[in-house]
Amino acid sequence: MRKLLYISLATAAIFLGSCSDNDFAEAYRDPSTVTTTTVPKQFAGFMKINYEDVIPAYWNYFTVLRTTSLSYTQAHGFTNTTGRYIPGAAVEDRWKRYYKFIAQYRELEKVMASSSPADQAANRIYMITATIYLYDHTAKMIDNFGDIPFSEAGKISFTGGNYAEASAKYDNQTELYVKMLDDLKAFSTELNSITLAQGVETVFKNQDLINKGNLISWKNYCNSLRLRMLNRASGVPALSARANTEMGEIIAEAKIVDENAENIAFRVYDQNADTGLNSAGFKDAMESWNNNIAPKTMIDHMNANSDPREAWLFEKGISTTYVGLDPMMLSGDQDQLILEGTLAIYNRSVISRNKWLPGTLINAAEVNLILAEYYSRNGNATTAKTYFEKAIRQSVEYYVRLGDKADDVTWKPTTEPTTAEIEAYILKINFAGALTAADQLKLIAFQKYIHYNIMQADESWAEQRRLKLPALTFMEDGTSSIRKTPPTRWTYPNSERVYNTDNYNTVKDKDNLSTKIFWDVK
């Protein structure tokens with residue numbers, strides 16, 4: 001990875017102006033083409049560089065997620081082809097994008113350090129918010145890979161281009177999670193009292209691609225990210241007490257993403273092809289190679305319980321009912337159903353052809369399902385039920401509202417779910433009837449599965465590995481001698497073995513498809 005030259009941003013960060021996306025990308029590749037930068041410009045470029053991992057985009061969904069997380073979670077229906085549980089070279093794309101991303105963060109640190117003390121103090125908000133965003137994606141990298149290069153990564157420009165000196169060690173995943181939690185807690189406190197000078201505030205609003213300078217939203221994002229990470233680590237014996245205590249403190253502070261109006265997302269504001277900040281490529285990513293087939297487990301639940309989200313997430317095939325692809329069928333029989341058009345697919349108006357689809361970072365339904373789990377785990381079933389049901393209502397609203405800006409309304413439902421329909425669904429799910437924490441967790445996990453679907457594939461895969469829920473069934477790949485069922489992590493890309501050999505050798509023994517991530521303790 002250290003051979004990659006995605007280092008300096010500088011003047012190319014003015015991508016909101018006349019630069020084409022290709023020009024922007026080229027400026028990243030060649031540090032010699034750039035000379036100066038500023039903290040605000042570097043900040044904006046840093047946020048933009050990994051937009052494909054946030055806004056639904058062709059490369060991430062078709063190249064990476066189609067063959068990995070979407071299939072491992074049964075977020076979509078997939079055919080039982082040979083080698084389907086081996087991540088392969090696709091994960092290298094995600095690895096490369098993350099280290100381009102972190103290299104830009106290092107350049108932000110560098111330009112910040114070269115500023116005067118007064119400017120550093122005035123621009124402190126850029127480092128706080130950039131680090132929150134960095135930690136969100138770093139947590140995802142840990143969730144997928146385990147130990148990763150971090151503390152020494154992305155510093156090639158600090159060494160004058162000396163690759164050997166820039167080779168980065170692998171940080172221990174547990175220690176890195178703890179560090180991020182420590183820092184996020186400190187940022188949360190700092191955001192309570194930070195004020196921005198008028199000039200800084202104006203520029204920050206213009207350069208902030210996520211929250212448009214809204215400090216309340218950044219505080220909510222910070223605390224909600226903490227909730228997600230604490231909950232994920234809550235089963236680790238050394239972290240369980242901390243998780244329980246800090247989650248309670250965050251809830252008491254009440255500064256979290258609690259309503260859909262507070263959702264944190266990389267939003268699409270225009271269809272400017274030059275910036276590439278839209279989800280126009282999502283159509284080909286989802287509809288090519290039948291990537292949009294509905295999964296049987298999700299569809300069966302929706303059919304049985306009259307889930308009001310069903311028509312907003314899926315379209316019927318030629319059948320009079322919604323039909324999902326059975327993962328236990330032979331591939332030839334699966335192919336026949338696809339060819340006949342029997343199977344439901346993800347809704348083209350609301351999802352795959354919606355060029356305004358936002359890149360989800362944290363949303364209210366997700367947060368409230370986390371809170372439901374927290375209260376259930378602590379024996380408070382009544383409060384858990386309140387948050388569980390609130391999350392379902394928010395999830396319905398979330399997917400209905402995604403259709404508001406649909407470009408092609410051909411497949412968009414003509415009527416929105418009524419309050420009565422939503423409450424009838426909640427009554428059928430019957431959280432009150434789940435008398436044990438284990439039974440409650442099954443219900444919570446299934447709602448995560450539905451709400452995350454294809455839109456939050458990384459979070460869905462992490463939660464399914466952590467909880468071992470929902471209890472999905474997969475046909476074993478009998479042709480593979482490497483992996484017959486979905487893996488527990490991604491393996492490192494070959495570039496690490498070749499270009500970061502000494503450091504890779506320290507984690508080589510962990511680099512297989514069976515090693516669990518540190519929070520995977522069940």
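The model is predicted: local features need pLDDT of at least 70, side-chain atom pairs count only at pLDDT 80 or more, and totals for chains, interfaces and linings use all residues. Residues are numbered from 1 along each chain as its sequence is written, and side-chain values use heavy atoms, without hydrogens or water.

**Stop 1: the core.** Select Ile132, Tyr133 and Ile454. They have the most contacts inside the largest nonpolar core, which has 137 residues. (Such a core is a set of buried Ala, Val, Leu, Ile, Met, Phe, Trp, Tyr and Cys residues joined through side-chain atoms within 4.5 Å; buried means under 20% relative accessible area with a 1.4 Å probe, protein chains only.) Helix H7, residues 124–145, gives the most to this core, with 13 residues. (Helices are DSSP runs of H or I, at least four residues, numbered from the N terminus.)

**Stop 2: H7.** Of its 22 residues, 21 are buried. Just after H7, Gly146 takes a positive phi of about 95°.

**Stop 3: H11 and H18.** Select residues 215–232 and 364–377. The axes of these helices come within 10 Å and cross at roughly 45°. (Axes are lines fitted to C-alpha atoms over the stretch in contact; angles run from 0 to 180 degrees between N-to-C directions.) Finish on the contact: Leu227 and Arg228 are among the H11 residues making it, Ile370 and Leu371 among those of H18.

Terms used
Buried < 20%, exposed > 50% of the residue type's maximum accessible area, 1.4 Å probe, protein only. Helix = DSSP H or I, 4+ residues; strand = E, 2+ residues; numbered from the N terminus. Contact = heavy atoms within 4.5 Å.
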